[in-house]
Amino acid sequence: MPIKFPFSRRRAAPADAWTKCPSCDHQVFNRQLDRNLRICPSCGHHFRMSIGERIDLLLDDGSFEERDAGLESVDPLGFTDQKPYVHRLEASQVKTGLREAAVWGLGRIDGRRVAIGIFDFRFMGGSMGSVVGEKIARCFEAALEERIPALVISASGGARMQEGTLSLLQLAKTTAPLPHLDEAGIPFISILTDPTTGGVLASFASLGDVVLAEPRALIGFAGARVASGTVGEELPEGFQTSEFLLEHGFVDLVVPRTELRATVSRLLQLLPAAPVASDGGEERAWGPIGVLSGFAQRLGGAVSETIGIDASTTPTDGNGTAPASRPRRPAGERIADSGPSERPADSGPSEPGA
Amino acid sequence: MTSITPPTADAAPPIDDAQRERAWQRVQAARQLQRPRTLELIALIFDDFMELHGDRRFADDPAIVGGPALLEGRPVMVIGHQKGSDTETNIARNFGSPHPEGFRKAERLMRLADKLGLPLVTFLDTAGAAPGTAAEERGQAESIASSIRLMTALQVPIAVVIVGEGGSGGALAIGVGDAVLALENSVYSVISPEGCAAILWRSAEAAPTAAAAMRMTAPDQLELGIVDAIIDEPGEGAHVDRAGTARAIKGALLDVLGRLSQLDTETLLANRYARLRAIGRYREAEVPERRHGAPPSLRRRIGRLLHLPGVPRRRRWSEIWPSGTEENEGD
């Protein structure tokens, strides 16, 4: 509610100066919210952030360069529900000032270069269609080419229904570069924010080498509404939250926003991209396992051709290291995967969902 | 503010009755209880098949079946969703909707195929992955993601056949391949038509309209480039002539696997990557690069520091892309 000062000639505070915290019902002054990294000062609820705020929060001042800003959605199916898809797109563009639900680019965190992709949930629920999928895939490919860590901050309801199976296949398109990052020794840090569900969680977002989540974010496969509606079972307290995933072993750390930048910066130092020797043998702080390195050499070259990067002509990055998506590890190890923690639970009959 | 070109395409016309009916008929045909299920098809197509069980971590999921088989005497690995054919068997199979252990069993069998160099054949027939507490706490999303990742890099040829319903992530989890074939009356979609209708039309009644809008029939999927070829069903359809359907699938598999096994692994993987990378439709508008160019001059830097008039402050990204004032939930 706007506050009116009856004796003052000043304009009353605009109606949008205050936001009610959905968690503690506190009225928070918007400017205070922005200064406080959009965290409720009374209960610590993390409000959603725009892409611009994410960039300011995480990256070194002035270091971000957006890439592929011109990618734009089309309407491949001619989709009209209650509103035509093109009108929904337009409305989201006007509302957010963005072309699409995700932005990617290159930046630095405490001087370390990263390729970063960021979602905005306000743009059609952060849903992933052809453009978002393309941007995330290009973000990973740039990380591979430049041999810098990849970082994606997700906030998405999942695949975009309005582009049908073209959206569904973005799950595979965004996941396909990840085995190449594995082989090349490039780390990928996935940051899950409120909310990350459906197809985005069921693809790259779950597959970070390290998965971080903001506190009390909604994170799950089938939205709680769908699950409770179709299964008809009682859902436990805190179902599909960051903390739930942490407890069940699918998230490494739940990190408050105030510590996010510091945590990511430490991770980048602790988990640097594997160095690549210029030629003839690996020179790493911790050498590779001898048996495997011969194997890796035998596979050399396969990856760079696969993704259409000509290793001989790719520019080197600022540090003068050779680019190259040279596989370090044998395929056998790549597809060996560590198992998630399992715990028994009653799996009653259930109906299929999204 | 960002300058944004509004989409130039006109809004598409709404779905008409004929389209609705055609799409809904296909959905119902794909869901037919009499439609041959994966295990029946396997028995008709392959010379020998031994079902293997369990994900080695938690349980055996009856909604996914798989194991080694012989196709015209040559060994392959087969994995598929398994629906039931009546209420009782459907409950036992959870209507073909897998839990994480199902996808992890599939992964385990794919690794075995990879290890032994066996081509992989998968049959898609599910309304979607199982939702619910059990699925979530065992990592449904992660199990699907992990299976997709494995398939993108598997070093053996993969032929995917959509035999009934290709429902969302639960289908794609075993549906990434070098060749994707679809039976004539199968469907493939990003979400069930009922789910789509509930979200976008706010009414389950609109499911036939949603089915038409999503263009989920096999011919539509062929046109979109998601499916590479359609396998015609004999006579009135797969539910009437199972043997004929199996013969048609077998012929298509022999053809596809014959061609794929000519390729060396590098080419196979490069083609698979290129195929996935090419999926999606978008346009690329020319935009001026938005970046902080050359470092600011000394005058400018001092001006900024002292807030001198006439020296613009560098805009922060949060001013370019701010948060809205309302906590809009979007779609």
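Rings of Phe, Tyr and Trp, the last taken by its six-membered ring, form an aromatic pair if their centres lie within 6.5 Å. The exercises below concern a predicted model.

**Exercise 1.** Determine how the rings of A:Phe64 and B:Trp317 are arranged and where the two residues lie.

*Solution.*
1. The structure holds eight aromatic pairs over all chains.
2. In the pair of A:Phe64 and B:Trp317, the ring centres are 5.0 Å apart and the planes stand at 85°.
3. Planes over 60 degrees apart count as edge-to-face, so the pair of A:Phe64 and B:Trp317 is edge-to-face.
4. The pair crosses between chains: A:Phe64 belongs to the loop between helix H2 (51-58) and strand E3 (65-67) of chain A, and B:Trp317 to helix H14 (residues 317-320) of chain B.
5. Buried means under 20% relative accessible area. A:Phe64 has 1% and is therefore buried; B:Trp317, with 4%, is buried as well.

**Exercise 2.** Classify the pair formed by A:Phe239 and A:Phe244, and decide whether A:Phe239 is buried or exposed.

*Solution.*
1. The distance is 5.7 Å centre to centre, and the angle between the planes is 75°.
2. With these values, the pair of A:Phe239 and A:Phe244 is edge-to-face.
3. A:Phe239 has a relative accessible area of 9%, so this residue is buried. A:Phe244 also counts as buried, at 8% relative accessibility.

**Exercise 3.** Identify the residues that ring pairs link into a cluster.

*Solution.* The cluster consists of A:Phe119, A:Phe140, A:Phe188 and A:Phe204.

**Exercise 4.** Describe the largest cavity by its volume and its lining.

*Solution.*
1. Rolling a probe the size of a water molecule over the atoms shows where empty space is left.
2. The count comes to eight cavities of 30 Å³ or more, and the largest cavity holds about 110 Å³ of space.
3. This largest cavity is lined by 14 residues, of which A:Leu201, A:Leu245, A:Phe250, B:Ala141 and B:Glu142 are the closest to its centre.
4. Two or more lining residues come from each of strand E10 (219-220) of chain A and helix H6 (140-153) of chain B. H6(B) gives the most, with three residues.
5. By class, the lining divides into eight nonpolar, four polar and two charged residues.

**Exercise 5.** Summarise the overall organisation of chain A.

*Solution.*
1. Chain A contains 14 helices and eleven strands.
2. Of its 354 residues, 58% count as buried.
3. Among contacts in chain A with a separation of 6 or more, 70% join residues 24 or more positions apart.
4. Chain A exposes about 14200 Å², and carbon and sulfur atoms supply 52% of this area.

Key: Residues are numbered from 1 along each chain as its sequence is written. Chains are lettered from A and ligands numbered from 1 in the order in which they are written. This is a predicted model: local features need pLDDT of at least 70, side-chain atom pairs count only at pLDDT 80 or more; totals for chains, interfaces and linings use all residues. Side-chain values use heavy atoms; hydrogens and water are left out. Helices (H or I, at least four residues) and strands (E, at least two) are DSSP runs, numbered from the N terminus. Buried means under 20% relative accessible area, exposed over 50%, partly exposed in between (1.4 Å probe, protein chains only). Contact means heavy atoms within 4.5 Å. Accessible areas come from the Shrake-Rupley method with a 1.4 Å probe; for residues, only the protein chains shown count as cover. On a 1 Å grid over the protein atoms alone, a cavity is a set of points where a 1.4 Å probe fits but cannot get out, and a pocket is an open set with protein on both sides within 12 Å along at least five of seven lines; lining residues have an atom within 4 Å of a point. Grid points are joined across faces, edges and corners, and a volume is the space filled by probe spheres set on the points. Ala, Val, Leu, Ile, Met, Phe, Trp, Tyr, Cys and Pro count as nonpolar, Asp, Glu, Lys and Arg as charged, and the others, Gly among them, as polar. Rings of Phe, Tyr and Trp (its six-membered ring) pair if their centres lie within 6.5 Å; planes under 30 degrees apart count as stacked, over 60 as edge-to-face and the rest as tilted.
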